[in-house]
Amino acid sequence: MSAEEIRRLAEQVRFRLSPVDDELVTRVEGEIDGYRTTMGEPQPILPPAELAETLPVLGWLISEAALSYLWSVASGFETLPGDEGEESRQAARLIGRLADAARRMPWPEFAPRALGALRAQALVESKRDTEAGYDAAYIYHAEARDRLKHYRDSHGEDPARGRYALALDETLLQLVLAETGTACRTAERVVGLWAEEWVDGDSAAWTGRMFRQLSDGATIGEHALATAERIEREHQFTFKVTEDRLAIPTSYRNPAIMTCRALLLVYSMSPEMQALGHAPKDADTWDAFREQVIGRVDRAFGYLRRPVVRQDGSPWPLLADHRRSMVQICLHLALLVPGHELAAELVVDETLTLRRLDDDAAEAMSAWLATTIDGRQRGDANIIGSASKPDFIAAVEACRADAGAAPYYREWRRRWTRLDRYAGIEGRRERLAAILGDGRA
């Protein structure tokens with residue numbers, strides 16, 4: 001295919017104007033087979049002129065196709081019955097083929113967007129919701145990061161390759177978002193569904209494992225935010241995604257949310273890590289470590305609050321999902337470190353304004369999340385309202401005690417069961433009642 005043919009197909013896939021199916025993946029595989037025939041042996045350092053234009057565009061097509069398939073993969077898809085399960089498994093297989101195509105591409109450093117297929121493959125593995133799936137996800141995330149670094153090294157400091165340096169930075173934002181998200185997803189599901197799926201697991205081992213992954217996820221999330229800031233400063237964001245540009249003005253929002261979630265989980269687990277005898281990283285004491293983490297949460301949250309404008313200069317408001325995530329982050333903070341103050345007053349909507357995150361604010365945020373809008377509850381409280389891992393719950397209470405606050409978390413959980421995202425699981429209420437106690441002790 002010519003570069004223009006591939007470009008047109010990528011745009012059609014992006015805007016759901018072209019079917020994304022087995023035939024498309026076969027075309028991509030055939031294209032790469034043709035490239036490999038063209039390159040000969042040994043492979044030249046640079047691609048021939050006829051491929052120099054098509055490689056970046058094919059990388060974009062591979063990324064868009066894999067992302068399109070990703071939305072068809074349901075959680076726990078390996079064991080889902082019926083059409084939904086089969087559709088998910090077929091989408092997972094096609095994503096795997098696209099990822100393998102990206103691995104086989106000659107001169108891959110000239111098509112960095114193809115790494116989006118490895119990103120999608122990692123997210124598919126995490127959606128298996130099994131320990132093996134989580135392990136595989138981290139392997140693919142690490143592979144994508146390693147390849148990105150190799151591609152950057154391949155281009156070196158050649159000014160003529162500035163286009164690829166920018167493409168690599170913008171691809172980094174997507175890879176990091178996925179990796180930090182996997183760390184959060186793994187921890188949130190294990191902590192949330194401990195009573196159902198991991199009750200016989202080694203709590204200490206899981207805590208150590210999740211703490212390391214979340215710590216790494218938070219660090220690379222912060223790196224992504226700094227990279228986005230540099231892209232904005234040196235190149236400005238784009239308002240249209242093409243084969244050349246990817247980062248739009250809202251590029252801070254998702255990485256900021258995931259980074260805050262990872263950091264809050266790190267803070268929440270730190271008392272258990274301390275009790276297990278682990279030493280804090282980059283701090284003399286655990287108290288100093290926790291103070292540093294809260295400072296990092298504040299900085300990441302600041303990126304989420306940055307005003308964004310559209311191309312015509314009008315405000316670009318937060319999506320409803322992002323606004324809900326913002327409240328969930330503040331609620332988690334209020335329950336962990338009661339009395340913490342935001343850098344500036346936060347007006348969520350006409351019914352909720354936040355500044356001092358204390359127990360009163362926690363009640364107001366809980367009511368806001370529990371409000372029914374158009375027949376549906378606005379949201380749950382994420383992991384802070386859904387935890388069933390006893391050691392995690394005890395660690396949250398230890399965080400509050402460390403902040404000099406009165407006991408409140410267990411009682412809050414008992415009253416706000418509607419904010420538990422897993423409340424509908426059969427027998428969940430009874431299991432949580434046994435874990436939380438009746439409040440009379």
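One term before we start: a residue is buried when its relative accessible area is under 20%, exposed when over 50%, and partly exposed in between, using a 1.4 Å probe and protein chains only. This is a predicted model, in which local features need pLDDT of at least 70 and side-chain atom pairs count only at pLDDT 80 or more, while totals for chains, interfaces and linings use all residues. Residues are numbered from 1 along each chain as its sequence is written, and side-chain values use heavy atoms, with hydrogens and water left out.

**Stop 1: a loop residue.** Select Asp374. You'll find Asp374 in the loop between β3 (372-373) and β4 (376-377); helices (H or I, at least four residues) and strands (E, at least two) are DSSP runs, numbered from the N terminus. At 77% relative accessibility, Asp374 counts as exposed. Check its backbone too: Asp374 has a positive phi of about 50° although it is not a glycine. Most residues other than glycine have a negative phi.

**Stop 2: helix α1.** Now select residues 3-14. That's α1, twelve residues reaching 16 Å from first C-alpha to last, close to the 16 Å expected at 1.5 Å a residue (the expected span is 1.5 Å times one less than the number of residues). Which residues of α1 are buried? Colour Ala3, Ile6, Arg7, Leu9, Ala10 and Val13. They cover an arc of only 165° around the axis, so they sit on the same side of α1; the arc is that of the directions from the helix axis to the C-beta atoms. Just after α1, Arg16 takes a positive phi of about 60°.

**Stop 3: the core.** A nonpolar core is a set of buried Ala, Val, Leu, Ile, Met, Phe, Trp, Tyr and Cys residues joined through side-chain atoms within 4.5 Å. The largest one here has 137 residues, and those with the most contacts inside it are Ile62, Leu214, Leu354, Met365 and Trp412. Helix α8 (residues 162-192) gives this core its largest share, 13 residues. Zoom in on Trp412: setting aside residues up to four places away in sequence, it touches Leu331, Leu335, Ala362, Glu363, Ser366, Ala381, Ile384, Gly385 and Leu419 (contact means heavy atoms within 4.5 Å).

**Stop 4: a pocket.** Next up is the second largest pocket, lined by 19 residues, with Phe211, Ser215, Lys281, Asp282 and Phe289 nearest its centre. On a 1 Å grid over the protein atoms alone, a pocket is an open set of points where a 1.4 Å probe fits, with protein on both sides within 12 Å along at least five of seven lines; lining residues have an atom within 4 Å of a point. α10 (203-235), α11 (253-275) and α12 (286-304) each give two or more residues to the lining of the second largest pocket, and α10 supplies the largest share, six residues.

Stay on Asp282, in the loop between α11 and α12. Asp282 is exposed, at 64% relative accessible area, and has a positive phi of about 60° although it is not a glycine.

Stop 5: Select Val297 in α12. Val297 is buried, with a relative accessible area of 1%. Leaving aside neighbours within four places in sequence, Val297 is in contact with Cys260, Leu263, Leu264 and Leu333.

Finish at Gly96 in helix α5 (residues 82-104), which counts as buried at 13% relative accessibility.
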